[in-house]
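Biologist: Please pick one part of this model and go through it closely, with its neighbours and its place in the whole chain.

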Amino acid sequence: MTDIKELLLSRIRDVADYPEPGVMFKDITPLLADPAAFTALTDALAEIAERTGATKVIGLEARGFILGAPVAVRAGLGFIPVRKAGKLPGATLAQAYDLEYGSAEIEVHAEDLTAEDRVLVVDDVLATGGTAEASVQLIRRAGAEVAGLAVLMELGFLSGRARLEPTLNGAPLEALLTV
């Protein structure tokens with residue numbers, strides 16, 4: 001696992017003062033552009049999906065789509081996008097959540113999840129945990145079970161894990177990297 005961590009870290013670029021002064025943005029586009037690193041990431045996340053017994057993968061808009069879709073294909077599972085409100089046609093379930101300044105809402109197609117599903121949530125970064133927490137609530141409201149949450153990178157200093165663990169109710173939270 002050390003080798004994969006080193007590979008992944010070597011392909012994540014720090015961008016100072018983005019999107020605002022004082023923020024050190026972790027840019028994963030160099031990782032996505034490197035086929036060996038992207039494959040290693042996909043394999044690691046697919047192994048988590050298999051280990052948790054997931055039947056479907058949810059990707060959170062937008063980078064969760066980029067990571068979650070190949071994970072689902074690699075693990076032989078269905079992929080479901082969780083979108084910002086108003087982006088999905090047809091019947092949806094919505095979940096509101098609070099942001100630092102205001103609130104937001106995410107949606108999923110209501111018919112894409114059933115009581116037989118065990119769902120792994122995949123995203124690029126766990127920051128404060130608000131979007132991930134809302135996705136877990138959405139999965140449960142749809143009647144499905146949460147198999148876990150898997151992210152490329154956890155920003156430990158933002159305490160998203162502490163916020164999420166009660167909501168996850170024993171389902172695993174796995175971060176390949178913690179920064």
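Modeller: Helix H5, residues 130-141, lies across S3, S4, S5, S6, S7 and S8 and runs at about 150° to S5. Helices (H or I, at least four residues) and strands (E, at least two) are DSSP runs numbered from the N terminus. Axes are lines fitted to C-alpha atoms, for helices over the stretch in contact, and angles between N-to-C directions run from 0 to 180 degrees. The model is predicted: local features need pLDDT of at least 70, side-chain atom pairs count only at pLDDT 80 or more, and totals for chains, interfaces and linings use all residues. Residues are numbered from 1 along each chain as its sequence is written, and side-chain values use heavy atoms, with hydrogens and water left out.

Within H5 sits Thr 131. Thr 131 is partly exposed, at a relative accessible area of 26%; buried means under 20%, exposed over 50%, and partly exposed in between (1.4 Å probe, protein chains only). Leaving aside residues up to four places away in sequence, Thr 131 touches Leu 60, Tyr 97 and Ile 106, where contact means heavy atoms within 4.5 Å.

From H5, Gly 130, Ala 132, Glu 133, Val 136 and Arg 140 meet Arg 163, Leu 164, Thr 167 and Leu 168 of H6. The residues of this contact divide into 4 nonpolar, 2 polar and 3 charged (Ala, Val, Leu, Ile, Met, Phe, Trp, Tyr, Cys and Pro are nonpolar; Asp, Glu, Lys and Arg charged; the others, Gly among them, polar).

As for the sheet, 7 strands form an open one in the order S5-S6-S4-S3-S7-S8-S9, with mixed pairing; two strands pair if DSSP finds at least two bridges between them. S5 (92-99) and S9 (173-178) stand at the edges with a single partner strand each, so one side of each has no neighbour in the sheet. S5 pairs with S6 (residues 102-109) in the antiparallel sense over 8 bridges. Ala 96 has Glu 105, in S6, as its bridge partner.

In total, the chain's secondary structure comes to 6 helices and 9 strands. Of its 179 residues, 43% count as buried.
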